[in-house]
Amino acid sequence: MDETRLIKPLLDKDYPIISHGDGIYLYDTNGKKYLDGSSGAITASIGHGVPEIIDEMERQAKKISFVYRSQFTSEPAERLASKLSDLAKGKYGGYWSFFVNSGSEATETAMKIAIQYWQEKGIKGKNKILSRWMSYHGITIGALSMSGHSARRARFVSLLEDYPTISPPYCFRCPYNASYPSCNHMCAFELEQAINRIGEEHIAAFIAEPIIGAAGGAIVPPAGYYQVIKKICEKHNIIFIADEVMTGIGRTGKMFALEHWDTNADIIALGKGMSAGYTPIAATLVSEKVMEPIKAGSKLIMSGHTYSANPQSAAVALAVLEFIEKNSLVEAAEKNGEYLLLKLQDLQRKYPIIGEVRGKGMMCGIELVSDMITKFPFKKELDVTGLLVSIAQSNGLLLYPAAAGIAGVGGDAILVAPPLTTTTSQIDELIHLLDKTLSDIDKELQVTGVTIA
């Protein structure tokens, strides 16, 4: 294309034009093949071009694609809400679904519902949301206010609330210079300190990604962490919101990542893998506990989106969930994820640039360091993450850039998160391409005079 009017991530960058996808592979219009090692943006969890999903899209389109939610409900939306309630059922006996279009909308809706919950109970002062530094909950103003992602906040700081309050459960760079289990979950108990400082009468909710994604490169909290968090929330009458936009629907080897910690959230935000990229849809799942005062009070959730609960997207999401269950992809993600992690750890032993490999299921992260002993990150201006992602794409491997490292100093990480349908032989292919990429970046850094210790 000689001229474009499309606003792309970088305006002066030439992007290849996609032609088609097949399984875990993508092909551009020049015929180049790419292994989708990040499921796009940790989204295309069942791969590309799945016939069952395409057939359902056509079936639903022949019936009705859009109705406005204040005028009609639809069978696909009702069935999808029922299905999600069954999948997420915990101690509260089920969840209600508010359907939106993106993860940012889902987390912002979760924030609004948490505040409304207290208002419906006659408690007007609980309006503040607490969150962690090194987190990302979305790009809308409310969602970005909850995000502890310094780079993404920077341009809009004057518009944002100061919701990020506590340290992340970042064992590789423990803020207390401690180690698990002797640390006794100090980073979790930091939440209680924050509550005591601010006053629980002001706090509506605490939000966290069960496994930190874009802001941390698959940071996995230690065992027992979320049990402590949930107890603190219950003790201080604070709603616990789980941001499962990236981790939910089988990605980590459980239907919901919070299951790894045997913990239930009061509100759950979903997106990405919910439709596996076949249509824009996301959801805010609200427990019976949170719905009760709203049902008894205003009977209205104060949120609305034109495309919310449209039957086309709901039908596609249902078909994706059925495909995941029919093909046992949650179990496959757990089993093949263990294999992927082992293979990445083999690369860690080969390349000093890899400081840590971490993750669960088919959501793994690699943190890059300039010195594996001190764990010191590369300088920001080197943009090692961007360089690695670019070299990988030229080698036919798609990876997802992530943040990590020391706040204010720098840090680099990537997410390796192929579709849940990826086989062990395809994981071997991914590792081969990543091995080549790491070798290439090693040479590239040496050319620029960077020494890796």
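Met134 is found in the loop that joins strand 5 (128–132) to helix 5 (141–146). In this predicted model, phi of Met134 is near 60°, a positive value in a residue other than glycine.

**Backbone geometry in loops**
- The loop between strand 6 (164–166) and helix 7 contains Pro181.
- The peptide bond that leads from Tyr180 into Pro181 is cis, and its omega is near 10°.

**Helix 7 and helix 8**
- Helix 7 spans residues 186–198 and helix 8 spans residues 225–235; their axes come within 8 Å and cross at roughly 15°.
- Angles under 35 degrees count as roughly parallel, and helix 7 and helix 8 are therefore roughly parallel to each other.
- The crossing in which helix 7 passes helix 8 is right-handed.
- On the helix 7 side, the contact involves Cys187, Ala188, Phe189, Leu191, Glu192 and Ile195.
- These residues meet Tyr225, Val228, Ile229, Ile232, Cys233 and Lys235 of helix 8.
- Sorted by class, the contact of helix 7 with helix 8 comprises 10 nonpolar and 2 charged residues, with no polar ones.

**Helix 12 and helix 13**
- The axes of helix 12 (residues 384–394) and helix 13 (residues 424–447) come within 9 Å and cross at roughly 130°.
- This angle makes helix 12 oblique to helix 13.
- The two helices, helix 12 and helix 13, form a right-handed crossing.
- Helix 12 contributes Val384, Leu387, Leu388, Ile391 and Ala392 to the contact.
- From helix 13, the contact includes Thr437, Leu438, Asp440, Ile441, Glu444 and Leu445.
- By class, 8 nonpolar, 1 polar and 2 charged residues make up the contact of helix 12 with helix 13.

**Second largest pocket**
- The volume of the second largest pocket is about 680 Å³.
- Its lining is formed by 25 residues, of which Arg69, Glu78, Trp96, Ser97 and Phe98 are the closest to the centre of the pocket.
- Helix 3 (75–88), strand 4 (95–100) and helix 9 (288–296) are the elements that each give two or more residues to the lining of the second largest pocket.
- The lining of the second largest pocket divides by class into 15 nonpolar, 6 polar and 4 charged residues.

How values were computed
Residues numbered from 1 in each chain as written. Predicted model: local features only at pLDDT ≥ 70, side-chain atom pairs only at ≥ 80, totals over all residues. Heavy atoms only, no water. Axes fitted to C-alpha atoms, helices over the stretch in contact; angles between N-to-C directions. Helix = DSSP H or I, 4+ residues; strand = E, 2+ residues; numbered from the N terminus. Parallel < 35°, antiparallel > 145°, perpendicular 65-115°, else oblique. Left-handed = near helix turned anticlockwise from the far one by under 90°. Contact = heavy atoms within 4.5 Å. Nonpolar A, V, L, I, M, F, W, Y, C, P; charged D, E, K, R; others polar. 1 Å grid on protein atoms, 1.4 Å probe; cavity = no way out; pocket = protein on both sides within 12 Å on 5 of 7 lines; lining within 4 Å. Points joined across faces, edges and corners; volume = space filled by probe spheres on them.
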